[in-house]
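Subject: Handing over a structure

Dear colleague,

I am passing on the structure below, and I would be glad if you kept it open while you read the notes that come after it.

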Amino acid sequence: MRLDSGQQRVLVSIGLMLTVLVCGTLALMHVEGLPLGDALYFSVVTMSTVGYGDVVPFTGAGRFVAGIMILTGVGSFMNAMAATADHLLSRREQRERMEKLNMVIGVFFSEAGTALMRKLAALDGNLPALRAGLPPQHDSWTDKSFTTYADALSGHPFRVRADVAALGRIKTFLGEKSPLLVRLLENPNLLEHESFTDLLWAVLHIKEELEFRFDLAELSNADATHVQGDLERAYRLLATQWLDYMRHLKANYPYLFMTAAHRNPFLEPEPLEG
């Protein structure tokens, strides 16, 4: 597992503190003849600036070691404590930001994302094959279920075939949702979630592509292929983000998860009705 910068700083500072502690303890045992317990105790109270004074060095070499520990050990101890506290606070702030972001993602899927994915799934000629690899609708969505979904979606081609009428209805749908999509992109918490930002841009790109072409019936083959590629990219991103969102609901909001599970876009796709 790759460590972030905060975790690396904590490990480095704790490692430095332990190095000073071990070296100081061994040095005191050697020059003062102290047993391990007393040498370790003296090192700890010295580095932590407590300094009870019940164990003190008597030799010049021992006082020299104690001085070195004061100069290096106190700083390393304080740095380790500061790095740990800073990391814990950063983790808490990150959790709070992610919780706000999950609320934003929830708004997206409630207001637009799930409906759009159901509409695209209705245009997916390979949907029956995908359904065959998914758990049944009455499945309770265990950890194994999520793994099954992830495996099935990772191998799915996400091909859609949209005629002129379907493109027109998608254009109308995204036009109605445009204010919501723009407001979501303005949320600063999106900086924490690159994949969701990519999804929003992909959906907005489809809207712009369709609005740019006033007469969808006059699409050239190249333009039709380009629009189809945009739809398929958004479809794939929607499916991936939807599964992550379902995991979040399952873990944190089981009552909302049940509603989302009943609206499963792959098991009950919604035709693009006029």
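The notes below go from the whole chain to a group of rings, then to one helix and one further residue.

Please bear in mind that this is a predicted model, in which local features need pLDDT of at least 70 and side-chain atom pairs count only at pLDDT 80 or more, while totals for chains, interfaces and linings use all residues. Residues are numbered from 1 along each chain as its sequence is written, and side-chain values use heavy atoms, with hydrogens and water left out.

The chain has nine helices and zero strands, where helices (H or I, at least four residues) and strands (E, at least two) are DSSP runs numbered from the N terminus. The radius of gyration, taken over C-alpha atoms, is 30 Å, well over the 19 Å that the globule rule gives for 274 residues, so the chain is more spread out than a compact globule; that rule is 2.2 Å times the number of residues to the power 0.38. Along its principal axes, the C-alpha trace spans about 95 × 40 × 30 Å. Of the 274 residues, 41% count as buried, a word that stands for under 20% relative accessible area, with exposed meaning over 50% and partly exposed in between (1.4 Å probe, protein chains only).

A search of the whole structure finds 12 aromatic pairs. Rings of Phe, Tyr and Trp (its six-membered ring) pair if their centres lie within 6.5 Å, and planes under 30 degrees apart count as stacked, over 60 as edge-to-face and the rest as tilted. One of the pairs is that of W141 and W242, which is edge-to-face, with 6.0 Å centre to centre and 75° between the planes. This pair links distant parts of the chain, since W141 lies in the loop between helix 4 (127–132) and helix 5 (143–154) and W242 lies in helix 8 (residues 221–252), 101 residues apart. W141 counts as buried because its relative accessibility is 4%, and W242 does so because its value is 2%. Y149 and W242 form a tilted pair, at 6.1 Å centre to centre and 55° between the planes, and it links helix 5 with helix 8 across 93 residues. Y149 is buried as well, with a relative accessible area of 2%. Ring pairs link W141, F146, Y149, W242, F257 and F266 into a cluster.

Helix 6 (residues 164–185) bends by about 50° at K177, and a proline, P179, follows within four residues; the bend is the angle between axes fitted to the seven residues ending at a position and the seven starting there. Its buried residues include L167, I170, F173 and K177, and what covers the buried residues of helix 6 includes helix 3 (60–122), helix 7 (194–212) and helix 8. At the start of helix 6, a side-chain oxygen of D163 reaches to within 3.3 Å of the backbone nitrogen of A165.

Lastly, M98 lies in helix 3 and counts as partly exposed because its relative accessibility is 27%. M98 and L190 are 92 residues apart in sequence and 9.2 Å apart in space, C-alpha to C-alpha. M98 touches E192 and H193, not counting residues up to four places away in sequence, where contact means heavy atoms within 4.5 Å.

Note on methods: Polar contact = N/O pair within 3.5 Å; in protein donor to acceptor, adjacent residues only side chain to side chain.
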